[in-house]
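Here is a short report for a first look at this structure. Start with the model itself, then read on.

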Amino acid sequence: MADTFNLQAIRERIDALDTQILALLNERAQCAEQVAHAKLAEDPNATFYRPEREAQILTRMQSLNAGPLRDEQVTHLFREVIASCLALEESMRIAYLGPAGTFTQEATFKHFGMNVGTLPVDSIPQVFREVEAGRVRYGVVPIENSTEGVITHTLDMFMQSGLRICGEISLRIHQNLMCRHENWQGVQKVYAHAQSLAQCRYWLDKHLPHAERIPVSSNAEAARLVSHDDGAAALGSRQAAPIYGLHIVQDSIEDNPNNTTRFLVIGDQVVTPSGNDRTSLLVSTRNRPGSLYHLLKPLAENGVDMTRIESRPARTTNWEYFFFLDVRGHEQDADISGALAALRDEAEVVRVLGSYPVAVM
């Protein structure tokens with residue numbers, strides 16, 4: 001009887017807490033509406049999405065989290081709260097590399113919330129074009145995978161587009177084997193994006209050594225093809241399975257359990273410092289002895305921490321290259337602004353692609 005009483009008391013406490021949470025959520029939403037009215041009174045073209053403010057909120061909530069909820073669970077809950085309140089201020093539409101069921105869609109929902117308006121498109125260049133044309137507010141594109149490296153199509157688009165990086169998303173990638181039926185051992189073909197096939201190379205070698213591996217434009221396209229083929233399997237996200245009527249027959253088959261893909265949010269917004277930022281640069285110089293040294297020297301002399309460098313051919317002139325650099329900090333920081341000033345004396349092209357908050361997991 002005591003146990004029954006305690007259980008009933010706990011349920012009543014939960015109901016009371018839910019009532020309080022609902023009231024507080026609506027109070028927060030009212031504050032968001034007041035922010036919108038204040039911003040519009042100052043500027044009819046005000047920007048409501050503030051990635052630096054969002055990152056500060058999420059980081060603060062993680063620092064205050066005493067459990068038992070994990071930090072990533074707290075982040076997920078507050079992202080949805082922030083997104084729901086933002087929707088009261090501004091109705092946004094986000095373009096992403098589709099179709100529905102891709103990891104890019106999953107990254108989009110992780111960052112902007114499950115109820116944001118989306119536009120799936122067929123290619124990375126098309127994401128850029130939709131944002132440039134103003135048909136969507138932002139776009140989401142993949143930039144690099146921890147196992148397979150950089151996505152060159154995204155880098156190449158920054159050489160011809162004036163869009164800026166407004167944010168980044170880090171998504172843990174779990175590759176799942178999906179079929180129309182439960183008997184996966186007899187599949188003759190495995191469809192997936194080339195990077196997904198590479199991320200599952202050892203698992204496929206061991207368990208499906210005789211199956212043909214067929215690269216396609218996206219894992220969602222792989223799932224669509226398999227939905228009409230009993231002798232095939234697809235690799236992809238858990239979200240793709242119900243969309244295309246498939247069964248997940250083996251889950252998390254990626255060779256690296258820490259497999260993570262980084263995505264970029266692109267738009268025309270200049271983001272102010274959050275306190276934990278990354279700056280992406282595009283630089284080029286003439287082909288001369290020590291050219292790369294002269295590009296990196298201003299960073300070292302100003303104490304700037306470079307976290308990534310990639311090169312891409314200029315395309316207009318043989319054997320000349322553009323370099324993509326990621327550094328820690330914001331372009332308004334004294335060390336980075338000093339490095340940029342010195343770098344402009346050395347390089348032919350120096351362009352800040354964006355300063356934006358480091359992804360909060």
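## Cysteines

Is Cys200 buried or exposed? Cys200 is buried, with a relative accessible area of 0%. Buried means under 20% relative accessible area, exposed over 50%, and partly exposed in between, with a 1.4 Å probe and protein chains only. Cys166 is buried too, with a relative accessible area of 0%.

Cys200 is in no disulfide. Its nearest cysteine sulfur belongs to Cys179, 13 Å away. A disulfide here is a pair of cysteine sulfur atoms within 2.5 Å. The search of the whole structure finds zero disulfides.

## About the model

This is a predicted model, where local features need pLDDT of at least 70, side-chain atom pairs count only at pLDDT 80 or more, and totals for chains, interfaces and linings use all residues. Residues are numbered from 1 along each chain as its sequence is written, and side-chain values use heavy atoms, leaving out hydrogens and water.

## Strand β3

Strands are DSSP runs (E, at least two residues), numbered from the N terminus. β3 is mostly covered, with seven of its eight residues buried.

Two strands pair if DSSP finds at least two bridges between them. β3 pairs with β1 in the parallel sense over three bridges. Ile94 stands opposite Tyr138 in β3. β3 and β11 run antiparallel, joined by six bridges. There, Pro142 stands opposite Phe263 in β11. β3 and β4 form a hairpin with three residues between them. Glu144 stands opposite Val150 in β4.

Definitions and conventions: Helices (H or I, at least four residues) and strands (E, at least two) are DSSP runs, numbered from the N terminus.
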